[in-house]
Amino acid sequence: MSAYQESIGDCGLHCFGSISASISHELKNALAIINENAGLLEDLSLMAEKGRPLDPVRLKSLAANIAKQIQRADGIIRNMNRFAHSADEPVNCIDLGETLALTVALSSRLAAMKSVTLNFIPPSQPVCVTTRLFYIENIVWLCLKELFERAGAEKEITLALRPQPEGAAVIFSPVDAPVTDASTIKLLDYLKAAQSTDSKHRELIITLPADMAAC
Amino acid sequence: MTGKILLVDDETDFLSIMSERMQTRGMDVSTAASAKEAIQMAGAESFDAIILDLQMPEMDGLEALRVLKAQKPELQVILLTGHATIEKGVEAMKLGAMDLMEKPADLRILAEKIKKAQAKKMILVEKQAEEKIKHIIGGKGW
C-alpha cells in the first residue's frame, strides 16, 4: 500500500472513529434520560409505600418518556448499524440519496454541537454512482465538518443532489468558498471527484463521477 | 437535604426529569439549557453546586467551567459526561471542577457529591470572609 493510499485509509479511520464516538454520546444521553425516568418510578413507588397516592397520569407520562427515548436510541442504533456495515460493503452501484440521508443523520449531532441547522433535500428520483459506500459517507462528512466550523450568521447548511450526465453533484448551500482541508482534497482527488463554487447561488458543488470502481 | 443547585444540560428531557428527582430529595433546583444561560444565572444567584454537562452546543462544559470559576472561584462544579476518560478528568480538575461523573449517573452518588460540594463551598466562603475581616482590621491599623 502506498503512502497515499495509507493516508486515504487514515482519513477513513478518523471519520469512522469520530462518527462512532458521536453515536456513543447520543446513546449515553438517551440512556441517561431512561435512567432518570426509571429512577423517578422507583422514587414514586417508595413514596407510595409510605402512603402517598400514585398519580396514573404521571405514571403514563413517565412511561411515554421512556418509550420516546427507546425509540430515539433505536433510531440511533439502526443508523449505526447501517454505517458500520457500509465499511465492509464492496464497490457497488449505490443510491446517493439514501447515502446522503444517512450521512446527514450521522452528522446531526456534530451540527447541533456547532449550533448549525442541517437540512437535506432528497432527489425526486434515484441518483446512483458506482463506488464504495463508505467513500461517499467519508467525503460528505469531511465537507460538512469543515462547513460547520465555517458556518456564517445563517448557521444553516442544506444538502441537495443533482444527477449529472457523467455522474452526480452533491450541493452544499449557502457556501461561499471551497473546502480547504487537506484530507478532503486528497480524498476528492483519489475519487477523481471535483469541487467548484457557484457564487450566484452560494453553492459548493462536489461532482462525483458515475464510476469510481477503480478507486 | 436543602441545597441550591443549578443543573445545566442541553437535553431538556434530561433536565426536567433530573430536576424533579432532585426536588423530591429536598434540593432547590434551577435549570439552564445552555452554558451561556448558566453563566448568567450563576452570576445573578448563589448556588451550592452546579451540575454541568460536558458536551453542549456553542460553549462546552470545560469552557463554561473556566468562565464560572473566574466569575466565582468558590463555586463547586460537578461535570457530567457521556464518556469519562482520565485525560478529561485531569483537565476538569486543573480547571477547578470538584468532580467528574459519567452518564447515566447514580443519583445517590451524585447527591453525596452535592453534600460534599455544599460543605466545601461553606469552608471557602468562611475563609473569604475571614480574609476580608483581616484585611479591614489590618487596613484600619487597630
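In this predicted model, helix H4(A) lies across strands S4, S5 and S7 of chain A and runs at about 20 degrees to S5(A). Helix H3(A) lies across S2, S4 (156–164) and S5 (167–173) of chain A, and its direction is at about 175 degrees to S2(A). The table sets out these two placements.

| Helix | Strands it lies across | Angle to one strand |
|---|---|---|
| H4(A) | S4, S5 and S7 of chain A | about 20 degrees to S5(A) |
| H3(A) | S2, S4 and S5 of chain A | about 175 degrees to S2(A) |

**The sheet**

The sheet of chain A is open and has 5 strands in the order S2-S4-S5-S7-S6, with mixed pairing. S2 (117–121) and S6 (194–198) of chain A stand at the edges; each has a single partner strand, so one side of each lacks a neighbour in the sheet. On average, neighbouring strands of this sheet are turned by 20 degrees against each other, direction ignored. Strands of a sheet pair through backbone hydrogen bonds, in either a parallel or an antiparallel sense. For S6(A) and S7(A) (residues 203–209), the sense is antiparallel, over 5 bridges. A:Gln195 has A:Ile206 in S7(A) as its bridge partner.

**The helix pair**

Two packed helices are described by the angle and the distance between their axes. The axes of H3(A) (residues 96–113) and H4(A) (residues 133–150) come within 9 Å and cross at roughly 40 degrees. H3(A) and H4(A) are therefore oblique to each other, and their crossing is right-handed. On the H3(A) side, the contact is made by A:Leu96, A:Thr99, A:Leu100, A:Thr103, A:Ser107, A:Leu110 and A:Ala111. These meet A:Leu133, A:Ile136, A:Glu137, A:Val140, A:Trp141, A:Leu144, A:Lys145 and A:Phe148 in H4(A). The residues of this contact divide into 10 nonpolar, 3 polar and 2 charged.

**The contact between chains**

Chain A and chain B touch through 17 residues from chain A and 16 residues from chain B. On the chain B side, helix H1 (residues 12–24) of chain B gives the most, with 7 residues. The side of chain B that touches chain A divides into 6 nonpolar, 4 polar and 6 charged residues.

**Confidence**

The average pLDDT of chain A is 93, and 99% of the residues score at least 70. Where pLDDT is low, predicted coordinates should not be read in detail.

How values were computed:
Residues numbered from 1 in each chain as written. Chains lettered and ligands numbered in written order. Predicted model: local features only at pLDDT ≥ 70, side-chain atom pairs only at ≥ 80, totals over all residues. Axes fitted to C-alpha atoms, helices over the stretch in contact; angles between N-to-C directions. Helix = DSSP H or I, 4+ residues; strand = E, 2+ residues; numbered from the N terminus. Parallel < 35°, antiparallel > 145°, perpendicular 65-115°, else oblique. Left-handed = near helix turned anticlockwise from the far one by under 90°. Contact = placed C-beta atoms within 7 Å. Nonpolar A, V, L, I, M, F, W, Y, C, P; charged D, E, K, R; others polar. Pairing = 2+ DSSP bridges. pLDDT = per-residue confidence, 0-100.
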